[in-house]
Amino acid sequence: PQLAGVACYCGLLSLLLARWSPVNWVLVPALFMAWANLHGSFIVGLGLCVAATLGRAVDVAWRQGRLRTAFSDRPTRRLLVLTQLAFLATLANPYGPSLYNEVLAFSRYSPLADLTEWQPLTLRTNSGQLVAGLGVLLMIAYRNTPRRVTTGEVLALLGLTGAMLWSQRFLVWWTPVA
């Protein structure tokens, strides 16, 4: 199931980074409907949508010098509505809204505490050292790239980095964004 979640996540990331297409109004909710029925990682996808929406709003407000312009920006409003549709699509599952309780409660099951992937990511592990090295390389690349780095990308990276410090399991979701 996690591989299906990763495939959905990468598909969503591709859709969010690609040029807007009206077919996204159908693809994104359909993706979330399937994803919520395949794996609990759909919550990470919703976080990615929120990061893209907030990032776009911040970018527009920063460029225009006014917070109000972020709300009148068509792509920002489109991302906001798309995020809401994605959330609504996740409710089409056998558990309904209680699926969120089940997904969030899953990490509290005591047997998971013994598994390495549910432990925090630290510099004492090989994975932690590799991620720290990649993070430094990523900062250098971001600093030197001619491509404009969006606030949404930075928010997604920072959010997933924080999540990795809580649980190594988020490395799977951090890697495609990085």
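1. Basis. The model is predicted, with local features requiring pLDDT of at least 70 and side-chain atom pairs pLDDT 80 or more, while totals for chains, interfaces and linings use all residues. Residues are numbered from 1 along each chain as its sequence is written, and side-chain values use heavy atoms, without hydrogens and water.

2. The largest pocket. Its volume is about 660 Å³. A pocket here is an open set of points on a 1 Å grid over the protein atoms alone, where a 1.4 Å probe fits, with protein on both sides within 12 Å along at least five of seven lines; lining residues have an atom within 4 Å of a point. The volume is the space filled by probe spheres set on the points, which are joined across faces, edges and corners. There are 27 lining residues, and Leu16, Leu17, Ala52, Leu79 and Thr150 are the closest to the pocket centre. Two or more lining residues come from each of α1 (2-17), α3 (42-64), α5 (74-90), α8 (151-166) and α9 (171-177); helices are DSSP runs (H or I, at least four residues) numbered from the N terminus. The largest share, 7 residues, belongs to α3.

3. The nonpolar core. The largest core contains 32 residues, and Tyr9, Leu12, Phe32, Phe42, Leu160 and Val177 have the most contacts inside it. Such a core is a set of buried Ala, Val, Leu, Ile, Met, Phe, Trp, Tyr and Cys residues joined through side-chain atoms within 4.5 Å. Helix α3 gives the most to this core, namely 6 residues. Beyond residues up to four places away in sequence, Tyr9 touches Trp35, Val44, Leu48, Leu160, Trp173, Pro176 and Val177 (contact: heavy atoms within 4.5 Å).

4. Cysteines. The whole structure has 0 disulfides, a disulfide being a pair of cysteine sulfur atoms within 2.5 Å. Cys10 is partly exposed at 31% relative accessibility, whereas Cys49 is buried at 3% (buried: under 20% relative accessible area; exposed: over 50%; partly exposed: in between; 1.4 Å probe, protein chains only).

5. Leu158. This residue lies in helix α8 and is exposed, with a relative accessible area of 57%. Its C-alpha atom is separated by 19 Å from that of Thr145, 13 residues apart along the chain.
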